[in-house]
Each structure stands twice: as C-alpha cells, then as structure tokens.
Amino acid sequence: MKRVLFTPGPTQLPTEVLEAMARPIIHHRTDEYRTLFLETTRLLQEHLGTTQPVLTLSCSGSGAMEAAVSNLLSAGDEAIVVEGGKFGNRWHSICEAYGVASHKVSVEWGRVATVEEVESALSAHPKAKVLYLTHSETSTGALFPVHDIARAAKARGVATVIDAVTSYGVYDLRFDQSDLDGVVWGSQKGLMIPPGLGFVCFGPSAWALAEKARLPRFYFNLAKARAALEKGDTPFTPAITLVLATHAAATLMAKEGRTQVFARHQRNADATRRAATALGLRLFSEVPSNAVTAVTVPAGVDGGAVPKTMEQRYGVKIAGGQDHLKGKLFRLGHIGHYDEGDILRLVGAFESALLDHGYRLEPGIAVKAAQESFRRAGAGAPVRVA
Ligand SMILES: *Cc1c(COP(=O)(O)O)cnc(C)c1O
C-alpha cells in the first residue's frame, strides 16, 4: 500500500531530502561539514527573515521550547503563557518544571487569544519577563495573532517567544521586522525533514535576558551553541544526517522562493477548508491556520473509524483530535511538501472515507470545491513543489 502522510508532523519528505540522507556520512569537525552547516544556517535565517543566529539543536521541537525557557529565566522568575491547546499548555508545563511561575491566559480550545486578553494579563503580572505562546496551535488548527500580541508585550518591556513549530515555512515571520524576541521550531513540520532537530532564534532583547538567566542548563546552553556556530561548529556531535537533510530542504525552499512557498500553503489550506465546508462540516477553529485544517467530527460519524479507513483503504494518513478532543476532530495536515495534486488526493480520500462510513454526501463535492478553490487562486498552471 502506498501511503502518504497528511499529518501535522511528521510531514511528507521530498526526494531531495531522502537522497541527502542516503549519502555516506561525513565527519563534523571538517571544513566540508562546517561550510555546509553555515550555508544551512544562512538559508534558515533567510527563511525566517533574520540576520540573528539560528541555532540548530539535536532534539525535537519541545527541546527547543525547553531551551527557550531555561536560557531566558532564573528560578522564581515569572512568565506569561498564552494557552488555547495542547502545545500552548506545554509552555506552562516547561515553566513549572523549572520553577518559573507561569501565569496562564487560557482560551477555549479552538479560539485564539485577543490582544486585550493578553494585555490584561500583562497588567496583572507586571513582574513577568517573558511571554510564551504558540503561533499555529496544531492541536486545534488555530492561528494566534502573535505579531499584535508581541507588540503589546514589547510596549510593557516583556519579551515574546513563540512556538513556530507549525508556522515556520508556512508563514512569513519576518523576524527582524517584527516585535518577536524569540522563535523556536522543529524539523518534521514545515522543514520537510524527519523529526530530530530543534531550532532557536533569539533577537537582541532575548540575548540580553539570556546573559542574566540562571536556570540550570548543560546540553542546551544556547550561549555556547552561539559561540560554536560562529566557527560552523556545535558544542556536541550534531545530528549530521539531519543537518544534511535540512540543507537539502532549505535549498528547495529557496529555489521555490519564500513568497511562493507561503502562497502555496495559502492555496492548499484554502482548498482543504473549502472542501471541508462543502461537505457540510465545521472548521474547529475560528481563525484557521494554513498548516493544518481541524474539522469537527459530525454527529453520527465515528471519529476514529474515518481516519483508519483513509489510511487503510486510500493510503492517506491524517490525525485525529488530542486529549479531550480525541474522536472529536479530524486534523488534515498540509505543512510542507504538498502541491495541488496532493490536496486533491487528500480531500478525495476524506470524502470517500466519509461515504464509506455512511455520512450522506454528494460524491465528488469535496474534490469539486477544492478544484474550484485552486482555479480561483489562479493555480491553473502545473506547480512543481521543488
Ligand atoms: C509538533 C509540535 C511541537 C513539537 O513537538 P515535538 O514532538 O517535540 O516535535 C511543538 N509545538 C507545536 C505547535 C507542534 O505542532
């Protein structure tokens, strides 16, 4: 059975990435590796819109999140965490593990926090040093207005760090032109490579905080990572093969063009959403992210059976809901290496599986809606992802 992942991580791997990983391993303390690593870092910076160092860590995205807590704060410090899903909540859990008092701004899952809600937390907790939040909340498919929130935080002297795990490579973050002070992401989402790398980028205010931060850290010492990066090195043995994969993926993104990459995600997301609503289904989030489309499971349909059939009969793997949303959501991922043809396959499999499970629909209606969406977006000419 041919299987394609349409999950919000891990995502589909381009052939160029697979080929890069199949190459014989090289040694990391060599000029060959250093040149490649520095070039990879430059491409990652370009994609984030920054001249600040991008640090590559051998861990998944959550490790990068942890590093952004342990390197910015000291025991007893206060932070604000904006939470409207599983991943927002992870910031809170990390703060708690490190003895940082984290004040939550909680919104109902599926909703996004408003600037006003965050501002009232900023007023209530004037000692908070950092505000942590998720950009694209993968568990609910919601997109938080991080740039507006960061502006409000900056006005009060609070640094903003975002989890961009499913927004890096999907949205133009323009880091240097924004009020964001830190961004973290991982490798198995918009970067189109397997899991195993985490990335951190800090702006000047975050580095100033890092100098005073005293929380314990050893492996994820970002000041050391930054110093090593200047010479194309890492403090410890890097995940060499994944760095080679990152180089291949970042090169693909640069070849396609930043603007084109973001526009393709917009088209893919629009088509997926239109297909879902044409089926009479409800989008779970009020502000849907271009990374993942979360759809509410309709009454009378088994939320576990549909994804299973999609995978087993149609070779299309999607995700369900997490935690209390288990069985209540379908999450259709379109982060990274997907084009128009892929999306037609995704929504075709989705409607076929719904039909198989007795959901009443007019066959072809989702595919038709997606086709029309692509046509309206002017994607008539064949688009090659690479
Ligand atoms: C995938 C994901 C993470 C990181 O999870 P890991 O399993 O550690 O890679 C963090 N935040 C969001 C929003 C994610 O989608």
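The largest cavity in this predicted model holds about 210 Å³ of space. Of the 21 residues lining this cavity, Thr 56, Leu 57, Ser 58, Thr 234 and Pro 235 sit closest to its centre. Three elements, α2, β2 and α8 (222-229), each give two or more residues to that lining, and β2 gives the most, with five residues. Sorted by class, the lining of the largest cavity is made of 15 nonpolar, five polar and one charged residues. Rolling a probe the size of a water molecule over the atoms shows where empty space is left. Such a search of the whole structure turns up three cavities of 30 Å³ or more.

Let us move on to the second largest cavity, with about 40 Å³ of space. Its lining consists of Leu 43, Glu 46, His 47, Ala 250, Met 253, Ala 254 and Arg 258. Helices α2 and α9 each supply at least two residues of this lining. By class, four of the lining residues are nonpolar, one is polar and two are charged.

Helix α9 deserves a visit of its own. It covers residues 240-256, and twelve of its 17 residues are buried, so the helix is largely enclosed by the rest of the structure. Among the buried ones are Ile 240, Leu 244, Ala 248 and Leu 252, and also Thr 246 and Glu 256. Two residues that line the second largest cavity, Ala 250 and Met 253, are buried as well. What do the buried residues of α9 pack against? Their partners are the helices α1 (15-22), α2 (31-48) and α10 (258-278), together with the strands β2 (54-58) and β10 (197-202). The length of α9 can be checked too: at 1.5 Å a residue, its 17 residues should span 24 Å, and the end C-alpha atoms are 25 Å apart, which agrees. Just after this helix, Gly 257 takes a positive phi of about 105°.

Now for the packing of the interior. In soluble globular proteins, nonpolar side chains tend to be buried together. Here the largest nonpolar core has 86 residues, and the members that touch the most others are Leu 72 and Tyr 132. Helix α9 contributes the largest share of this core, eight residues. Which residues does Leu 72 contact, leaving aside its neighbours within four places in sequence? They are Val 130, Tyr 132, Val 161, Phe 202, Ala 206, Leu 209, Ala 210 and Ala 213.

A last stop is Gln 177, in the loop between β8 (159-163) and β9 (182-186). Is Gln 177 buried or exposed? Its relative accessibility is 67%, over the 50% cut-off, so Gln 177 counts as exposed. Although Gln 177 and Thr 50 are 127 residues apart in sequence, their C-alpha atoms are 8.3 Å apart in space.

Note on methods: Residues are numbered from 1 along each chain as its sequence is written. This is a predicted model: local features need pLDDT of at least 70, side-chain atom pairs count only at pLDDT 80 or more; totals for chains, interfaces and linings use all residues. Side-chain values use heavy atoms; hydrogens and water are left out. A nonpolar core is a set of buried Ala, Val, Leu, Ile, Met, Phe, Trp, Tyr and Cys residues joined through side-chain atoms within 4.5 Å. Buried means under 20% relative accessible area, exposed over 50%, partly exposed in between (1.4 Å probe, protein chains only). Helices (H or I, at least four residues) and strands (E, at least two) are DSSP runs, numbered from the N terminus. Contact means heavy atoms within 4.5 Å. The expected span of a helix is 1.5 Å times one less than its number of residues. On a 1 Å grid over the protein atoms alone, a cavity is a set of points where a 1.4 Å probe fits but cannot get out, and a pocket is an open set with protein on both sides within 12 Å along at least five of seven lines; lining residues have an atom within 4 Å of a point. Grid points are joined across faces, edges and corners, and a volume is the space filled by probe spheres set on the points. Ala, Val, Leu, Ile, Met, Phe, Trp, Tyr, Cys and Pro count as nonpolar, Asp, Glu, Lys and Arg as charged, and the others, Gly among them, as polar.
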